[in-house]
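Below is a short report on one protein chain.

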Amino acid sequence: MKRYFELWKTLWNWKGEESFNTLEFSITFRSNQPRKVLFDLLKIGFIEKSGRNKYRVISPTRLVKEDYSEHIRKCYQLLKTSRLKYALTKTDAVTKWTKGAYNANRFFGFHPIQIKIRKKDLAEWKKFFNKNKKDFVVWGKKYRKTLFSVFYILYAEEDFKVKTVYGEPVEPLKDTIEYCQDNIATFEHALEILNEMYGLKLKVKYDTYGY
């Protein structure tokens with residue numbers, strides 16, 4: 001994998017976004033198995049087809065974003081393997097209740113996953129994240145880590161209600177609405193979307209955004 005990564009960097013410097021074919025590749029890099037190498041690069045996701053016997057290198061920006069997109073998805077899936085009670089909350093709950101239409105203050109380089117957990121399960125959650133080598137912080141507690149990429153924020157409560165929204169455990173819609181109202185500067189548009197989607201009769205102005 002490391003050698004292919006080094007080859008990808010070389011290919012990018014060689015061609016950038018310009019297409020190339022198998023013959024050009026084999027002449028330039030003197031490979032005795034050019035088709036296999038290109039097949040492997042294609043399978044890994046370092047290059048893509050741009051036509052018949054033509055290839056194009058995946059750009060660094062696109063590669064990073066696509067890798068992190070998959071990484072983010074896996075980090076959500078990881079929670080389900082814990083078998084501990086949790087519920088997506090705050091921004092994560094807003095995103096789920098709006099069917100992904102609203103996602104504030106996050107991007108692939110800084111993506112906190114916010115979950116409610118039971119206080120009695122806190123020690124188990126810490127073991128779980130440490131075992132899986134994932135960064136996490138407990139809300140209200142001091143931390144010294146530099147937070148970046150995907151990490152988890154744990155909100156420890158005595159107990160809480162959980163709703164299933166599109167296959168994910170999420171806090172009730174009422175809690176999400178209250179969170180949006182308490183943070184209206186950031187989530188006013190989210191309230192507009194929720195108001196339209198669920199017929200909530202909230203006093204918010206709604207503009208058409210495809211719903």
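## Q114

At 9% relative accessibility, Q114 counts as buried, because buried means under 20% relative accessible area, exposed over 50% and partly exposed in between (1.4 Å probe, protein chains only). Q114 belongs to strand β5 (residues 110–118); helices (H or I, at least four residues) and strands (E, at least two) are DSSP runs, numbered from the N terminus.

Leaving aside residues up to four places away in sequence, Q114 touches A87, L88, T89, K90, T91, D92, I153 and Y155, where contact means heavy atoms within 4.5 Å. The C-alpha atoms of Q114 and Y68 are separated by 18 Å, and the two residues are 46 residues apart along the chain.

## Basis of the model

This is a predicted model, in which local features need pLDDT of at least 70 and side-chain atom pairs count only at pLDDT 80 or more, while totals for chains, interfaces and linings use all residues. Residues are numbered from 1 along each chain as its sequence is written, and side-chain values use heavy atoms, with hydrogens and water left out.

## S69

S69 is part of helix α4 (residues 60–80). Its relative accessibility is 47%, so S69 counts as partly exposed. Between the C-alpha atoms of S69 and F107, 38 residues apart along the chain, the separation is 9.5 Å.

## The chain as a whole

The chain has 8 helices and 9 strands. Its radius of gyration is 23 Å, well over the 17 Å that the globule rule gives for 211 residues, so the chain is more spread out than a compact globule. The radius is taken over C-alpha atoms, and the rule is 2.2 Å times the number of residues to the power 0.38. Along the principal axes, the C-alpha atoms fill a box of roughly 65 × 45 × 30 Å.

Buried residues make up 41% of the 211 residues. Of the contacts between residues at least 6 apart in sequence, 61% join residues at least 24 apart.

## Aromatic pairs

The whole structure holds 19 aromatic pairs. Rings of Phe, Tyr and Trp (its six-membered ring) pair if their centres lie within 6.5 Å; planes under 30 degrees apart count as stacked, over 60 as edge-to-face and the rest as tilted. The rings of W14 and F29 have centres 5.2 Å apart and planes at 90 degrees, so this pair is edge-to-face. W14 lies in helix α1 (residues 2–15) and F29 in helix α2 (residues 22–29), so the pair ties together parts 15 residues apart in sequence.

One aromatic cluster is formed by Y86, W125, F128, F129, F136 and Y152.
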